[in-house]
Amino acid sequence: MSYFYREYHDGPDPLAPPYDVRSALDDMGDAILSGSTPLDALRDLLRRGLPGAPDRRGLDDLLRQVRRRRRELRDNTRLDGTLERVRALLDTAIGQERAELFPDPSDDARFREAALDALPSDTARAVQELADYDWRSAAARQTFEELRDLLRREVLDSQFRGMRDALANPDPAAMERVRQMMSDLNDMLDRDARGEHTQDDFDQFMQKYGDMFPENPRNLDELVDQLARRAAAAQRLLASLTPEQREELAGLIDHTLEQAGLAEQMRRLGDSLYARRPDLAWGSPERVSGEQPMGMGDAVTALQELADLGDLETALRQDYPGARLDDIDEAAIRRALGRSAVDDLEALRQVERELEAQGYLRRNRGKLELTPKAVRRLGETALRRVFASLDSGRRGDHDQRDAGTAGEPTGSTRPWRFGDEQPIDVVRTVVNGVRRGGGAPVSLSVDDFEVVETERRSAAAVCLLVDLSYSMALRGTWAAAKQTALALQALVASKFPQDAVQIIGFSNYARVLRPDELAGLEWDMVQGTNLHHALLIAGRHLDRHPDFEPVVLVVTDGEPTAHLMRNGVPRFEWPPSQETLTLTLAEVDKMTRRRATINVFMLAADDRLREFVDEVARRNGGRVFSASADRLGEYVVSDFLRARRSR
């Protein structure tokens, strides 16, 4: 048996690995860690394009091309080309007729000349009055027939794209086929309105008249969409002309349809299309400034494309509530920018889908949120950046080869208890199951599990108190504080899993921050720096872990300006009241009695703040750091590691 291999061309590679969006998440993380929401960060990523994929365009690139194409159409389009051509042919026919009549001295010639002199200046009315005129000049008769053929082709082409070529040669049979097509089309639309239409009806219609519809619609809905967009563009053409031009062209259209026996069918079709697609911009004028006159059919095509580009520009901006990439019409992208743009859009859609499919993003009541998995990834990214800023001589201290263990094994085991982090003794666990009569295969229960006893290692109860007040945003330090909190969370989880870490944010109130809400957290638009409440919460955390080494780190850019009253309501005063300072320092004294050292990281050089933290250091024995925002993470992590090593 012979086998032949060739390149796969029928779609995405079915054997390709799942899309790796970790680099995309890291790119989003730069914005998220700087204070953007997950939704804004995702939109920024999609606008810029995929990291590491320079051959793929982002939404901004596609948007620029769409806007460029709109400018080109507006700068190269003049809508009165058909009207101008009809006027020229009319003047030519009249001139040819006058040339034929001039040598003739008869009264009939003078009567005809008088009739020509009395023609209205309005082109449409002049064409109507000449419809039954008996031309003496054969050349004039031919020119006038050319005018009528032009109108017939342009009017039908403005409604049915491609009809102009089908009627290039005047043929009564061809016009009769057009009349029959429109009658069958209207009947099909009426049956659909009554719920009687089937796909077989549409297939039979296309088999009979498919050559008149070059866009090859697959069903009635697609056909209606194509015809409605074109009919709406024809209405916009009239609305975009001057009042005099609009009146003349509308008259020519009505006269042409009446002459062709299509007026009633066209009215029925227009009513049906408007009823089905009232959302289209029917009758909205379009401003164009080109010098090249266009025929009516080409002008309608240009206006139809301009409308599509306008809708596409709105969708690509993605600046409306609930915007998603699925809102962007793939067919419109293909028509405007080609197949490669569709591929670029699909790559962006894949990123958005995979971020959710791989568990990095989730939608909660329509709001885009980071998952705990994404927060861990961003924390690791923040931690890597902190370590990268440390000198290479100390970087070796950061590697952890035995993360997850609680000390060296002692050689004995004990029953597993909820919350144990020691490794499971597999042999003793299975033996317990066999002894219990677990059968073959062995069925284990919770009571069978035993863990390896290890030497006790020192564990720390870590409290990171982060200022969330609005001044942090005004000074541009909030993003650095959030990155620091994420980095510390990641460090403790990976290097010191036995530690108990709690991150507390404080403004007018203080609250414990969950890791999964930390990355998308925004500052509080309130007044107050309630360090008193934050220290109260931190003290409860330390009291729950009496055997752990206490570590308290405070990141702030201002002295305390609020405290928690006995009724649980915060009180704000500026300048800080003596009561606020007294209550806050009382909590500092309690921390000192708990043997908890408080290290303060100042993000401002305010004299009041410096005076306060100096008093904290004097009472507690902790250290004070005057850190710049870009080095805050390095200071906090380094101090934490120093404290862990010293213990």
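How far apart are the end C-alpha atoms of helix 9 (residues 172-193)? They are 32 Å apart, which agrees with the 32 Å that its 22 residues should span at 1.5 Å a residue. The model is predicted.

**Helix 9**

- The buried residues of helix 9 include Ala-174, Met-175, Val-178, Met-181 and Met-182.
- Further along helix 9, Ser-183, Asp-184, Leu-185, Asn-186, Met-188 and Leu-189 are also among the buried residues.
- An α-helix has 3.6 residues a turn, so residues three or four places apart point the same way.

- The largest pocket holds about 720 Å³ of space.
- Its lining is made up of 28 residues. Those nearest the centre of the pocket are Arg-229, Asp-308, Asp-329, Ala-332 and Arg-335.
- At least two lining residues come from each of helix 11 (220-240), helix 14 (296-317) and helix 15 (330-337).
- Helix 14 has 22 residues, which at 1.5 Å a residue should span 32 Å. Its end C-alpha atoms are 31 Å apart, in agreement with that figure.
- Helix 14 is largely enclosed by the rest of the structure, because 16 of its 22 residues are buried.
- Gln-318 follows helix 14 and has a positive phi, near 55 degrees.

**Aromatic pairs**

- Five aromatic pairs are found in a search of the whole structure.
- One of them joins Tyr-133 and Trp-135, with 4.8 Å centre to centre and 80 degrees between the planes, an edge-to-face arrangement.
- Tyr-133 counts as buried because its relative accessibility, 17%, is under the 20% cut-off.
- Trp-135 is buried too, with a relative accessible area of 5%.
- An edge-to-face pair is also formed by Tyr-274 and Trp-282, at 5.3 Å centre to centre and 75 degrees between the planes.
- Tyr-274 has a relative accessible area of 44% and is therefore partly exposed, a class that lies between the 20% and 50% cut-offs.
- Tyr-133, Trp-135 and Phe-144 are linked into a cluster by ring pairs.

**Charges over rings**

- Lys-373 lies over the face of Tyr-360, at 4.7 Å from the ring centre.
- Arg-608 lies over the face of Trp-574, at 5.4 Å from the ring centre.

**Cis peptide bond**

- Trp-574 is also joined to Pro-575 by a cis peptide bond, with omega about -5 degrees.
- Pro-575 is in the loop that runs between strand 10 (570-572) and helix 24 (578-593).

**Positive phi in loops**

- Asn-216 is not a glycine, yet its phi is positive, at about 50 degrees.
- The loop between helix 10 (199-209) and helix 11 contains Asn-216. Asn-216 is exposed, with a relative accessible area of 54%.
- Arg-595, another residue other than glycine, has a positive phi near 65 degrees.
- Arg-595 is placed in the loop between helix 24 and strand 11 (597-602). At 55% relative accessibility, Arg-595 counts as exposed because the cut-off is over 50%.

- Val-554 belongs to strand 8 (residues 549-556) and is buried, with a relative accessible area of 2%.
- Val-554 and Leu-531 are 23 residues apart along the chain, and their C-alpha atoms are separated by 8.9 Å.
- Lys-367 belongs to strand 2 (residues 367-370) and is exposed, with a relative accessible area of 55%.
- Lys-367 and Pro-38 are 329 residues apart along the chain, and their C-alpha atoms are separated by 9.2 Å.

Definitions and conventions:
Residues are numbered from 1 along each chain as its sequence is written. This is a predicted model: local features need pLDDT of at least 70, side-chain atom pairs count only at pLDDT 80 or more; totals for chains, interfaces and linings use all residues. Side-chain values use heavy atoms; hydrogens and water are left out. Rings of Phe, Tyr and Trp (its six-membered ring) pair if their centres lie within 6.5 Å; planes under 30 degrees apart count as stacked, over 60 as edge-to-face and the rest as tilted. Buried means under 20% relative accessible area, exposed over 50%, partly exposed in between (1.4 Å probe, protein chains only). A charge sits over a ring if NZ of Lys or CZ of Arg is within 6 Å of the ring centre and within 35 degrees of the ring normal. On a 1 Å grid over the protein atoms alone, a cavity is a set of points where a 1.4 Å probe fits but cannot get out, and a pocket is an open set with protein on both sides within 12 Å along at least five of seven lines; lining residues have an atom within 4 Å of a point. Grid points are joined across faces, edges and corners, and a volume is the space filled by probe spheres set on the points. Helices (H or I, at least four residues) and strands (E, at least two) are DSSP runs, numbered from the N terminus. The expected span of a helix is 1.5 Å times one less than its number of residues.
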